[in-house]
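Please review the structure shown here together with the briefing below. The briefing is arranged by topic.

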Amino acid sequence: MTQKQRMLSGMRPTGRLHLGHQRVIAYWAELSEIYESFHFTADWHAITTQFDDTGNLRDNKREIVIDWLSAGLDPEKCHIFHQSDIKEHAELHLLFSMITPLSWLERVPTYKGQVAAFAETGKDIATYGFLGYPLLMAADILMYRPVGVPVGQDQLPHVEFCRELARRFHHLYNVEIFPEPAPIFSQIEILPGTDNRKMSKSYNNYINLSDSAEVVKEKVWGMVTDPARIRKTDPGHPEVCAVYAYHGFYNKDAQQQICANCIKGSIGCGECKKMLTDRINVFLDPIREKRAYYENNPEVLDEIVDEGNKAARKVACETMEMVRDAMKI
Ligand code: TRP
Ligand code: SF4
């Protein structure tokens, strides 16, 4: 059997995952059929912006792994590990820092904007660590010599940075260690937030995978509908309604009928929301079950991460030997 090519992805453990993330994770799970897949919690990266508030970090790392597993990652088909468990990332980051022109980091498109945005909230993230965020990310990626990295559009400059760094390393030390990783974009349709804007923590418009049935009900009840509709008999405009958009994701078969009834004014928004609540809860039930399983069996969770760490460390050690050799260390 030929060895599968590798793929790697990471997420900063900053809190519970929501329905939008579930779609990304389901896509990762699909990719793990094709690639040998590594998924890690980027816990050091989480510190770059939250160095003054690390109290929840351990909980968050654990929770994000539970979210991944309950939302569809199959531990038999991928490796799950924590960035900070593989110290080689720190070594590679340090060695890369020796060859990275400062100007490359300063001109990463997100850098200045984010520092300014944080400054407005009274927080100074003009730190060494935050400037080096893309460099640590490049070390994370290149360590596993993956052919692809599934990332959102927002991470594209970081992947490009990583590719440039690989070229510079090869050029300086006259080696070919790292395949240039390609960004893997998913074709998945993006789930909007409950207010029809982008689903985001900062807008408080999300439904978490770990929300109870009761919380889902409340959140759906608060969803934005067609503002022109006051009475049930008012003709509705489903295209502006978040509830309608969600039916397209969680109640596909009935969506057309709902559309017709909304336009005719023969279905009330309350009824429409109740149907959606039920569908989302049916969707979340198996996810909740898996979550409960891992919460009740912490040793299973630990074993999964142990296995992931071992697999990751093996590749990382091989890479570091090649890197040290190339640099004559
Ligand atoms: N920067 C990524 C994010 O915020 C997280 C991340 C860190 C990552 N290292 C990575 C993603 C390596 C992919 C590969 O989403
Ligand atoms: Fe939206 Fe449904 Fe109300 Fe129409 S009936 S506006 S689709 S919630």
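The points below cover the domains, the interface between them, the ligand surroundings and the salt bridges.

This is a predicted model, in which local features need pLDDT of at least 70, side-chain atom pairs count only at pLDDT 80 or more, and totals for chains, interfaces and linings use all residues. Residues are numbered from 1 along each chain as its sequence is written, chains are lettered from A and ligands numbered from 1 in the order in which they are written, and side-chain values use heavy atoms, with hydrogens and water left out.

**Domains**
- The protein is divided into domain 1 (6–191 + 298–326) and domain 2 (213–290), with bounds that come from an automatic or database domain assignment.
- A distance of 36 Å separates the C-alpha centres of domain 1 and domain 2.

**Interface between the domains**
- Nine residues of domain 1 are in contact (heavy atoms within 4.5 Å) with eight residues of domain 2.
- Domain 1 and domain 2 bury about 770 Å² between them, 73% of which comes from carbon and sulfur atoms; buried area is the accessible area (1.4 Å probe) that two parts lose on being put together, summed over both.
- Of the area that domain 1 buries against domain 2, Leu19, Ser70 and Leu191 supply 64%, more than any other three residues.
- On the side of domain 1 that touches domain 2, helix H1 (19–31) and helix H3 (57–70) each supply at least two residues; helices are DSSP runs (H or I, at least four residues), numbered from the N terminus.
- H1 gives the most to that side of domain 1, with three residues.

**Ligand 1**
- The residues near ligand 1 (a heavy atom within 4 Å) are Gly10, Arg12, Phe40, Ala42, His45, Tyr133, Met137, Asp140, Ile141, Val149 and Gln155.
- The side chain of Arg12 has an N or O atom 3.1 Å from an oxygen atom of ligand 1.
- A nitrogen atom of ligand 1 lies 2.8 Å from a polar side-chain atom of Asp140.
- For Gln155, a polar side-chain atom is 2.9 Å from a nitrogen atom of ligand 1.

**Salt bridges**
- The count by this rule comes to 20 salt bridges.
- Glu164 and Arg107 form a salt bridge in which the closest N and O atoms are 3.6 Å apart.
- This pair links distant parts of the chain, 57 residues apart: Glu164 is in helix H9 (residues 156–173), and Arg107 is in the loop between helix H5 (102–106) and helix H6 (109–120).

Methods:
Polar contact = N/O pair within 3.5 Å; in protein donor to acceptor, adjacent residues only side chain to side chain. Salt bridge = Lys/Arg side-chain N within 4 Å of Asp/Glu carboxyl O.
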